[in-house]
Amino acid sequence: MPISFWILFIVVILVLVFIDLAVINRQGRVLPFKRALLNSASWIALALLFALIVYRFMSPGKALEFVTGYLVEEALSVDNLFVFLLLFAYFKVPPEQERQVLAWGILGALLMRGAFIFAGVTLVSRFHWILYLLGAFLIYSGFQLMLSKEASVDPSRNAAVRFARRFLPVADHYDGGRFFTLQNGKRLATPLFIALLVMETTDIVFATDSIPAILAITRDPFIVFSSNVFAILGLRSLFFVLASLMKLFNRLNIGLAIVLILIGAKMLVSIKYEIPTWIVLATIATVLAGSVLASILFPEKAKAERGDDGSPADGNE
């Protein structure tokens, strides 16, 4: 891939991010559901448009790899967003500040994912046997996800939080959208900064699943990076969509677990046989669609947490 193509892609992405953050969504307020849905659809449309560009200037095979990788990363990101919901609830982040934390968190994730991707591609290219270790790890992660009943995150045990609270004075209140504030003439970090730290370090954990998963589909650095970029950029709007619909996806974990297991199995069988990308794409799409459909048809888990009339189970409002 010519370096000029990389430069052009990065410049276009930076322009899109600037337009999204500084022009379209510059107001510090809660993103309405319909607006979030429209923004999410726009990022998905941009990803599909980019797939057409890859088809035209690279090859149909590369375009298929991009779409498959994008679908996998987007699906894994959905599960990650549920964890972000728990983090915001734990830190009691004001709703109007959630977008700011997500924006900075996503920008940081882009930088970290880029470093992980290039390191992963380099290692796999030089030491091919690593691919099989990653396959086994994905299968293990899939079974762990399938057996876990719900996402459990304890931010108080996060290494970044413990480090920050030990070496960095932290205020006991928020100061608007500021990450640092002055209190009695002393500069302190706000809880918003701690929430951002947890989000960034949590994304490192998420990358341990997502990067091996995309490497099972393609080891082209540009396709791996671009599919991650488009999946991550749509997270901010997707977060507010899922915040309203999270009860609908009560069986998504099972679908994601099956996807991880299948991708891990693909890595292992690649020792003898290379599975065509279109089969992988069709299988992943079917599994994810099935998990969403099962969530809609069999919502018993969600109902168990609420009364039949939609009120809390204990009758309190």
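The following questions and answers concern a predicted model.

In this predicted model, local features need pLDDT of at least 70 and side-chain atom pairs count only at pLDDT 80 or more, while totals for chains, interfaces and linings use all residues. Residues are numbered from 1 along each chain as its sequence is written, and side-chain values use heavy atoms, with hydrogens and water left out.

User: Is Ile3 buried or exposed?
Analyst: Ile3 is found in helix H1 (residues 3-24), helices being DSSP runs of H or I with at least four residues, numbered from the N terminus. Buried means under 20% relative accessible area, exposed over 50% and partly exposed in between, with a 1.4 Å probe and protein chains only. Because its relative accessibility is 60%, Ile3 counts as exposed.

User: What is the distance between the end C-alpha atoms of helix H2?
Analyst: The expected span of a helix is 1.5 Å times one less than its number of residues. Helix H2 (residues 33-57) has 25 residues and should therefore span 36 Å, which agrees with the separation of its end C-alpha atoms, 36 Å.

User: Which residues does Val241 contact, leaving aside its neighbours within four places in sequence?
Analyst: Val241 lies in helix H9 (residues 235-245) and, at 6% relative accessibility, counts as buried. Its C-alpha atom is separated by 8.2 Å from that of Ser40, 201 residues apart along the chain. With contact meaning heavy atoms within 4.5 Å, and those sequence neighbours left aside, the partners of Val241 are Phe33, Ala36, Leu37 and Ser40.

Notes: Helix = DSSP H or I, 4+ residues; strand = E, 2+ residues; numbered from the N terminus.
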